[in-house]
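This report takes up the fold of one protein chain and the way its parts pack together. Please keep the sequence and the structure in view while reading.

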Amino acid sequence: MPFKGSDETWESFDQHIMGSTVIPYRKIIVGVDHTTASAMVLQRAIQLAKAFSAKLIVVHVVSTIHPLEIKQGPIIDMTYLEFMRAAGADVINSAKKRLEEAGLDGEVIGAEGIPSKEILAIVEEKGADLLIAGSKEKVGTQAHLGSVSKALSEKAKCSLLIEKVSKNC
């Protein structure tokens, strides 16, 4: 039976799949923040790293853009930045603990800047073959990917898994 709009048959599709070699993921990067949803994404990344015997690199970026000043550039409120750095240190320490408890080969990287740009730079530098990001459940006019997940989906040069985090998943 041919595919709709194609001359190929199911048999040739099966032959193509049987003849294909898929290289397993060897280096996985996951971006995390201070949220409960992000902790769930980290847990999924740990599961995948174990399944593929892959190295897991956890990345946390302290944003230098204040949420209320996204369109205006770098923040000038040092109190906010210091608060985010302290919260980031907690995230990094928790991630290190989770990797150790899981017995995984991995590392945790902290950075500052625009989260999507920093994560993509680290993906490139480390040669990751899978990037994992989270996307929280949103409703109404908020029903779209977050700004970081959206930017990663548009610019990542490796495979990308956007882990949907919701009450039903």
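## Overall fold

The model is a predicted one, and it contains five helices and five strands. Along the sequence these elements follow the pattern α-β-α-β-α-β-α-β-α-β. Of the 169 residues of the protein, 34% count as buried. Among the contacts between residues at least 6 apart in sequence, 70% join residues that are at least 24 apart.

## Helices H2 and H3

Helix H2, residues 36–52, has 17 residues and reaches 25 Å from its first C-alpha to its last, which is close to the 24 Å expected at 1.5 Å a residue. Helix H3, residues 78–102, has 25 residues and reaches 36 Å between its end C-alpha atoms, close to the expected 36 Å. The buried residues of H2 are Ala37, Ser38, Val41, Leu42, Ala45, Ile46 and Ala49. An α-helix has 3.6 residues a turn, so residues three or four places apart point the same way. In H3 the buried residues are Leu81, Met84, Ala87, Gly88, Val91, Ile92, Ala95, Leu99 and Ala102, and what covers them includes E1, H2, E2 and strand E3 (106–113).

Two packed helices are described by the angle between their axes and the distance between the axes. For H2 and H3 that angle is about 35°, and the axes are 11 Å apart. H2 passes H3 in a right-handed crossing. Leu42, Gln43, Ile46 and Lys50 make the contact on the side of H2, while Ala95, Arg98 and Ala102 make it on the side of H3. Sorted by class, this contact has four nonpolar, one polar and two charged residues.

## Ends of the two helices

Just after H2, Ser53 takes a positive phi of about 50°, although Ser53 is not a glycine. Most residues other than glycine have a negative phi, and most peptide bonds are trans. Ser53 is found in the loop between H2 and E2, and with a relative accessible area of 62% Ser53 is exposed. H3, for its part, is followed by Gly103, whose phi is positive, near 70°.

In soluble globular proteins, nonpolar side chains tend to be buried together. The largest nonpolar core of this model has 22 residues, and those with the most contacts inside it are Ile28, Val30, Leu42, Leu56, Val58, Leu104 and Ile132. Strand E1 (27–32), H2, strand E2 (55–63), H3 and strand E4 (130–136) each supply at least two residues of this core, and its largest share, six residues, comes from H2. Apart from this core lies another, of 15 residues, among them Val59, Val61, Ile109 and Ala128.

Ile28 is one of the residues with the most contacts inside the largest core. Leaving aside neighbours within four places in sequence, Ile28 is in contact with Leu48, Ala49, Ala54, Lys55, Leu56, Ile57, Asp129, Leu130 and Ile132.

## Val59 in strand E2

Val59 is found in strand E2 and belongs to the core of 15 residues. Val59 counts as buried because its relative accessible area, 0%, is under 20%. Not counting residues up to four places away in sequence, Val59 touches Ile29, Val30, Gly31, Val32, Ile109, Ile119 and Ile122. The C-alpha atoms of Val59 and Ile92, which are 33 residues apart along the chain, are separated by 8.2 Å.

Ser116 is found in helix H4 (residues 115–126). Is Ser116 buried or exposed? At 12% relative accessibility, Ser116 counts as buried. Residues up to four places away in sequence aside, Ser116 touches Val148, Ala151 and Leu152. The C-alpha atoms of Ser116 and Ser63, 53 residues apart along the chain, are separated by 9.5 Å.

Lys155 is found in helix H5 (residues 147–155), and its C-alpha atom is separated by 9.0 Å from that of Ser116, 39 residues away along the chain. Lys155 counts as exposed because its relative accessible area, 52%, is over 50%.

Key: Residues are numbered from 1 along each chain as its sequence is written. This is a predicted model: local features need pLDDT of at least 70, side-chain atom pairs count only at pLDDT 80 or more; totals for chains, interfaces and linings use all residues. Side-chain values use heavy atoms; hydrogens and water are left out. Axes are lines fitted to C-alpha atoms, for helices over the stretch in contact, and angles run from 0 to 180 degrees between N-to-C directions. Helices (H or I, at least four residues) and strands (E, at least two) are DSSP runs, numbered from the N terminus. A crossing is left-handed if the near helix is turned anticlockwise from the far one by less than a right angle, and right-handed if clockwise. Contact means heavy atoms within 4.5 Å. Ala, Val, Leu, Ile, Met, Phe, Trp, Tyr, Cys and Pro count as nonpolar, Asp, Glu, Lys and Arg as charged, and the others, Gly among them, as polar. A nonpolar core is a set of buried Ala, Val, Leu, Ile, Met, Phe, Trp, Tyr and Cys residues joined through side-chain atoms within 4.5 Å. Buried means under 20% relative accessible area, exposed over 50%, partly exposed in between (1.4 Å probe, protein chains only). The expected span of a helix is 1.5 Å times one less than its number of residues.
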